[in-house]
Amino acid sequence: MARVLIVEARFYAHLNDMLLAGTRAAIEAAGHSHETITVPGALEIPGAIALAAESGRYDAFVGIGVVIRGETYHFEIVAGESARGLMALTMDGLAVGNGILTVENEAQALVRADPKQKDKGGEAAKAALALLDLKSRFG
């Protein structure tokens, strides 16, 4: 049984509740355990995962959150840098699933977060578990 850490940026609580539900359901359906921690925003997710990885307590990680385009360039920075940070951790050998939604509006986020629709939280958990499986096969 793997230990999975879910790191959430809880800016939009109602959307995160759906992402968390899908993420947790996918991890539990695969027979693994999970723990959830909350960070201030999507930019902090990669750093929190890096810190947690140093502890050796977790086998895989899932970052979840929602970034909705606003009127400034901040959206591009948060969307790009959070994804880059998660990819860097993956390239360093961690099993990380990216469930950070980067969308134009709340309607798009609702469809993607909802476990009964696109279930991006569940997909991110499955991605992390798939990478963990590959790591064990090649490690």
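This is a predicted model: local features need pLDDT of at least 70, side-chain atom pairs count only at pLDDT 80 or more; totals for chains, interfaces and linings use all residues.
Start with the strands. Four of them form an open sheet, ordered E2-E1-E3-E4, with parallel pairing. Select 33-39 and 96-103 next. These are E2 and E4, the edge strands, and each pairs on one side only. From one strand to the next, the twist averages 15°.

**E1 and its partners**

Select residues 3-9, strand E1. Seven bridges join E1 to E2, and the two run parallel. Show Arg3: Ser33 in E2 stands opposite. Now turn to the pairing of E1 with E3, which is also parallel and spans five bridges. Pick Glu8 there. Its opposite residue in E3 is Ile64.

**E3 and the crossover**

Keep Ile64 selected and look toward E4. Its bridge partner in that strand is Gly99. E3 and E4 pair in the parallel sense over eight bridges. Follow the chain from E3 through H3 to E4: this β-α-β crossover is right-handed. Then colour E3 by accessibility. Eight of its nine residues are buried, so the strand is largely enclosed by the rest of the structure. As a reminder while viewing side chains: in a regular strand they alternate between the two faces of the sheet.

**Helices on the sheet**

Select 74-91, helix H3. H3 lies across strand E3 (60-68) and E4, and runs at about 170° to E4. Next take 120-138, helix H5. H5 packs on the sheet and touches E1, E3 and E4. Its direction makes about 150° with that of E4.

**Helix against helix**

H2 and H3 pack with their axes 8 Å apart, at an angle of about 25°. That angle is under 35 degrees, so H2 and H3 are roughly parallel to each other. Which residues of H2 and H3 meet? From H2, show Ile45, Pro46, Ile49 and Ala50; from H3, show Ser82, Gly85, Leu86 and Leu89. The residues of this contact divide into six nonpolar, two polar and no charged.

**Last stop: Asp119**

Go to the loop between helix H4 (106-113) and H5, where Asp119 lies. Check its backbone. Asp119 has a positive phi of about 50°, although it is not a glycine. Is Asp119 buried or exposed? Its relative accessible area is 17%. Buried means under 20%, so Asp119 counts as buried.

Terms used
Residues are numbered from 1 along each chain as its sequence is written. Side-chain values use heavy atoms; hydrogens and water are left out. Two strands pair if DSSP finds at least two bridges between them. Helices (H or I, at least four residues) and strands (E, at least two) are DSSP runs, numbered from the N terminus. Axes are lines fitted to C-alpha atoms, for helices over the stretch in contact, and angles run from 0 to 180 degrees between N-to-C directions. Contact means heavy atoms within 4.5 Å. Buried means under 20% relative accessible area, exposed over 50%, partly exposed in between (1.4 Å probe, protein chains only). Angles under 35 degrees count as roughly parallel, over 145 as roughly antiparallel, 65 to 115 as roughly perpendicular and the rest as oblique. Ala, Val, Leu, Ile, Met, Phe, Trp, Tyr, Cys and Pro count as nonpolar, Asp, Glu, Lys and Arg as charged, and the others, Gly among them, as polar. A crossover is right-handed if, with the strands pointing away from the viewer, the path from the first strand over the helix to the second runs clockwise.
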